[in-house]
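Hi there,

The sequence and structure are just below, and my notes come after them.

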Amino acid sequence: MEPKTLAEHFSEIEDPRRTGFAHRHDLVEILVITTCALFSEVEGFEDIARWARVKESWLRRFLTLKNGIPSADTFARVFRLIDPKAFESAFRAWVGSTLPSFNQVAIDGKTLRGSADGDQSPLHMVSAFATEIGIVLGQEAVADKSNEIAAIPVLLEAMAIKGCLVSIDAMGCQKEIASTIRKRHADYLLAVKNNQRTLRSAVEDAFADVPMDGFEHTDRGHGRVVLQHVQVIENTGQVDSGTWVGCKRLGRIVSLRVEGEQRQVLETRYYISSAELTHEQLHAAARQHWGIENRLHWSLDVIFREDDAKIRKDHGPRNLALIRKIILNMLRQDTKWPKVSLRGRRKMAGWDDDERMRVLGIKPLS
């Protein structure tokens, strides 16, 4: 049996509008039109409606559009009202039905700066990202960065992460989060900084008299050289494995960044993990973790100009953020143009109706 299409997953979302005249445009069609439009570098609901009017004949190849093209106000109202939890559940179900295997999940947050509205702070989104394949697995919204601690367990509970290594920066280095990951039959790799002073001191002390055996790596590029020494030791009681459930390894990465002939920056990072990592595996996992910055957050800002988006009301920012991630996943999973950048592939799908239909997997009406 073929997996459900994205539109079929959309059909499981409850329509939040009252019946009657306000319900004259089909919810799935509104979501499909918006997804199609965002391939074409539109900005805001006015542009989505204009784009749809220009593309109406193409849209009618696969949509009924019984009452024509929705207005900009209709697009805005629908996205403000859709229950983001239901939308994200449909997204996760669609992702789960199309995913290849993966081993590491990076979790990190990003602020949508353009979503600030008067005294209301901008929306902060915590995302889960399959690092090897570059696919977004899910998202959870929080009021501000400090609330990531509450959002991360909710996100973890909603995903299938069994057997994976879950990497999180220092904000997520919390006993409850470590416990949640282990209960989900996954392993954790948590960065340790001064928000956990006792833990940080314990890990630092554990490395005090350890021989400098480890893994060394050199990165060169963009006018700088980064030298790294990576070391993993067994947790033999330095960190309480009851408090930090299942902690088996302690890690240290010392980095020296040299820029040109003048500036040198030395940084030491510490980690705890429930996985039995080697020196090389810690280096690879720490490196892959930052893929969420380079391959997700950077892509959302540079390809989709997410920080410039001025959608501000109710659930609108959160729901539009999910549409962007849907498109990013589609572009990443498409293999037809492997040598073309994601930005280039988005442009191609925006310019060419047949290419857009192919990437979206849309079938014409019979």
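Here is what turned up, starting with the pocket and moving on to the core and the aromatic rings.

Please keep in mind that this is a predicted model.

The largest pocket has a volume of about 790 Å³. Its lining is made up of 29 residues, and those nearest the centre are Thr5, Leu6, Leu360, Gly361 and Ile362. Helices H1 (6–10), H2 (27–37), H6 (84–98), H12 (316–333) and H14 (353–360) each give two or more residues to that lining. H2 provides the largest share, with five residues. By type, the lining holds 16 nonpolar, six polar and seven charged residues.

The largest nonpolar core has 97 residues, and the members touching the most others are Leu59, Trp244 and Ile272. If you click on Leu59, you will find it touching Ile33, Trp51, Ala52, Leu65 and Ile69, leaving aside residues up to four places away in sequence. There is also a second, separate core of twelve residues, among them Ala191, Ile253, Tyr271 and Ala285.

Finally, the rings. The count comes to six aromatic pairs. In one of them, Phe91 and Trp94 have ring centres 6.1 Å apart and planes at 50 degrees, so this pair is tilted. The two residues are three apart in helix H6, which means about one helical turn separates them. Both are buried: Phe91 has a relative accessibility of 2%, and Trp94 has a relative accessible area of 6%. Elsewhere in the list, Trp51, Trp58 and Phe62 form one aromatic cluster.

Happy browsing, and do write back with any questions!

Best wishes

Notes
Residues numbered from 1 in each chain as written. Predicted model: local features only at pLDDT ≥ 70, side-chain atom pairs only at ≥ 80, totals over all residues. Heavy atoms only, no water. 1 Å grid on protein atoms, 1.4 Å probe; cavity = no way out; pocket = protein on both sides within 12 Å on 5 of 7 lines; lining within 4 Å. Points joined across faces, edges and corners; volume = space filled by probe spheres on them. Helix = DSSP H or I, 4+ residues; strand = E, 2+ residues; numbered from the N terminus. Nonpolar A, V, L, I, M, F, W, Y, C, P; charged D, E, K, R; others polar. Core = buried A, V, L, I, M, F, W, Y, C linked by side-chain atoms within 4.5 Å. Buried < 20%, exposed > 50% of the residue type's maximum accessible area, 1.4 Å probe, protein only. Contact = heavy atoms within 4.5 Å. Phe/Tyr/Trp six-rings, centres within 6.5 Å; stacked < 30°, edge-to-face > 60°.
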